[in-house]
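I opened the model to look up a few local features. These are my notes, in the order I made them.

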Amino acid sequence: MSHRPFRILGIQQIAIGGPSKERLKTLWVDMLGLEVTGNFVSERENVDEDICAMGKGPFKVEVDLMQPLDAEKKPAVHATPLNHVGLWIDDLPVAVEWLTAQGVRFAPGGIRRGAAGFDITFLHPKGNDEFPIGGEGVLVELVQAPPEVVDAFARLAG
C-alpha cells in the first residue's frame with residue numbers, strides 16, 4: 001500500500017434516522033441539550049433532517065436527526081438507526097482518488113455539496129467485485145474540512 005496522501009482529522013457528524021425526528025429530538029435536544037442549528041429537506045435523498053450540534057468551533061460535531069419524507073421510498077434514512085458517520089478529511093478529492101485506486105467502493109453521486117454546506121461523498125456500505133473494500137455495513141461520509149478545521153487539528157497534532 002502506498003503512502004496515504006490525506007488525513008482523517010476527526011468526526012464531523014453522526015446521522016441518526018427514525019420514523020419521527022420529533023422522538024429523536026426528545027432525547028438529543030430536550031434530554032442531552034444539543035442545539036438545533038439548521039434543517040435540511042431533500043426529496044432526492046428522501047430526508048427531512050434537523051442539524052444539531054455539540055461542541056464549538058472547529059471541534060463542533062453535528063448530530064443529524066433524520067426522518068424520511070416518505071417511509072415507503074428509498075433511501076430509507078430511518079431503516080438503519082445509525083444512518084452514517086461523517087469524517088473530516090483534509091483533502092477530499094485526493095482522498096477519493098487514492099481510496100478508489102486502493103479498491104474502495106463509493107456510493108453513487110460523487111463529490112457534491114452536503115446539507116451543512118461542505119463538499120461530501122459517501123463510501124458504500126458494501127464492497128463488490130470491482131471495488132472490494134466497503135464500510136462493512138456502515139455508510140461512511142467523507143467531508144471536506146474547511147481551512148479553520150484543518151488548521152485546528154494541525155495545531156493539536158503539533
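Helices (H or I, at least four residues) and strands (E, at least two) are DSSP runs, numbered from the N terminus. The peptide bond from K74 to P75 is cis, with omega near -5 degrees.

This is a predicted model, where local features need pLDDT of at least 70, side-chain atom pairs count only at pLDDT 80 or more, and totals for chains, interfaces and linings use all residues. Residues are numbered from 1 along each chain as its sequence is written, and side-chain values use heavy atoms, with hydrogens and water left out.

I then went to the loop between β2 (35–42) and β3, which holds N46. N46 is not a glycine, yet its phi is positive, about 50 degrees. Is N46 buried or exposed? I noted N46 as buried, because its relative accessible area is 2%. The cut-offs are under 20% relative accessible area for buried, over 50% for exposed, and partly exposed in between (1.4 Å probe, protein chains only).

My search of the whole structure gave six salt bridges. The criterion is a side-chain nitrogen of Lys or Arg within 4 Å of a carboxyl oxygen of Asp or Glu. Side chains of opposite charge can pair when their charged atoms come close.

Which residue forms a salt bridge with D48? I found K21, with the closest N and O atoms 2.6 Å apart. This pair links distant parts of the chain, since D48 is in strand β3 (residues 47–54) and K21 in helix α1, 27 residues apart. I have both D48 and K21 down as buried.

The side chain of K21 also meets that of D50 in a salt bridge, at 3.0 Å from N to O. D50 lies in strand β3 and K21 in helix α1, so this pair ties together parts 29 residues apart in sequence. D50 is buried, as is K21.

Next I checked K25 and E22, whose side chains meet in a salt bridge at 3.7 Å, N to O. Both lie in helix α1, three residues apart, about one turn of the helix. E22 is partly exposed, because its relative accessible area is 47%. I recorded K21, E22, K25, D48 and D50 as linked in a network of salt bridges.

Last, I placed M31 in helix α1 (residues 21–31). M31 counts as exposed because its relative accessible area is 58%.
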